[in-house]
Amino acid sequence: MLRGFKNFLMRGDIVVVAVGLIVALAFSTLIKSFTDNVINPIIARAQGGRNFGLGWQLGRPGNKATFLDIGSFISAVIYFIIFMAVVYFLIVVPYKKFQARRGVAAFKEPGAVKTCPACLSEDVPAAAGKCRYCGTEQPAAGTAQHQ
């Protein structure tokens, strides 16, 4: 049982994903620091003379617990966009190129599909001879309904 688990963990794809996750977490810390120390002060300055940043005080003035902090939300959106761009351009794109050199298509576009006339499943591959759900014979690929 442990040998099977070890073999699973030592597969090339699992190791690549683990390394990608570690790199993504490292970039996450870097981007979080950027948004906290650069973006947040810029957004807070947009509010003017208020202490808490961009937003509205819903309760007693000076109570941070009742401050609706729109600036932090904007910062989180910017953080998410930057983080996803970093993950895509520094992990996904190189991984796709690496896999392409190995002859494997990573993150490929989904193939053409058709709708099964019997059960109305909409994700039957266009080249399928039978529906994977109901087993009904499918029309030839030339007469398939593409979505």
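Colleague: Which residues does Ser75 touch, not counting residues up to four places away in sequence?

Modeller: This is a predicted model, in which local features need pLDDT of at least 70 and side-chain atom pairs count only at pLDDT 80 or more, while totals for chains, interfaces and linings use all residues. Residues are numbered from 1 along each chain as its sequence is written, and side-chain values use heavy atoms, with hydrogens and water left out. Ser75 is found in helix 3, where helices are DSSP runs of H or I with at least four residues and strands are runs of E with at least two, numbered from the N terminus. With contact meaning heavy atoms within 4.5 Å, the residues that Ser75 touches, beyond those up to four places away in sequence, are Thr35, Asn40 and Ile43.

Colleague: Is Ser75 buried or exposed?

Modeller: The classes rest on relative accessible area, computed with a 1.4 Å probe on protein chains only: buried means under 20%, exposed over 50%, and partly exposed in between. Ser75 has a relative accessible area of 4%, so this residue is buried.

Colleague: What separates the C-alpha atoms of Ile43 and Ser75?

Modeller: Ile43 has its place in helix 2 and, at 11% relative accessibility, counts as buried. Apart from residues up to four places away in sequence, Ile43 touches Leu54, Gly71, Ile74, Ser75 and Ile78. Ile43 and Ser75 are 32 residues apart along the chain, and their C-alpha atoms are separated by 7.9 Å.

Colleague: How many residues does helix 2 give to the lining of the largest pocket?

Modeller: A pocket is found on a 1 Å grid over the protein atoms alone, as an open set of points where a 1.4 Å probe fits, with protein on both sides within 12 Å along at least five of seven lines, and lining residues have an atom within 4 Å of a point. The largest pocket holds about 240 Å³ of space, where grid points are joined across faces, edges and corners and the volume is the space filled by probe spheres set on the points. Helix 2 (12-47) and helix 3 (70-101) each supply at least two residues of this lining. Helix 2 gives the most, and its contribution is seven residues.

Colleague: Into which classes do the lining residues of the largest pocket divide?

Modeller: The lining has 13 residues, of which Val16, Gly20, Ile91, Val92 and Tyr95 lie nearest the centre of the pocket. Ala, Val, Leu, Ile, Met, Phe, Trp, Tyr, Cys and Pro count as nonpolar, Asp, Glu, Lys and Arg as charged, and the others, Gly among them, as polar. On that basis the lining of the largest pocket divides into twelve nonpolar, one polar and no charged.

Colleague: Why is the pair of Tyr79 and Phe83 stacked?

Modeller: The structure holds two aromatic pairs, where rings of Phe, Tyr and Trp (its six-membered ring) pair if their centres lie within 6.5 Å, and planes under 30 degrees apart count as stacked, over 60 as edge-to-face and the rest as tilted. Tyr79 and Phe83 both lie in helix 3, four residues apart, about one turn of the helix. Their ring centres are 6.0 Å apart, and the pair is stacked because the angle between the planes is 10°.

Colleague: What is the angle between the planes of Tyr88 and Phe89?

Modeller: At 37% relative accessibility Tyr88 counts as partly exposed, whereas Phe89 is exposed, with a relative accessible area of 55%. These two residues form an edge-to-face pair, with 5.0 Å centre to centre and an angle between the planes of 80°.

Colleague: Where is Leu120 found?

Modeller: Leu120 has a positive phi of about 65° although it is not a glycine, and at 58% relative accessibility this residue counts as exposed. Its place is the loop between strand 3 (113-114) and strand 4 (124-125).
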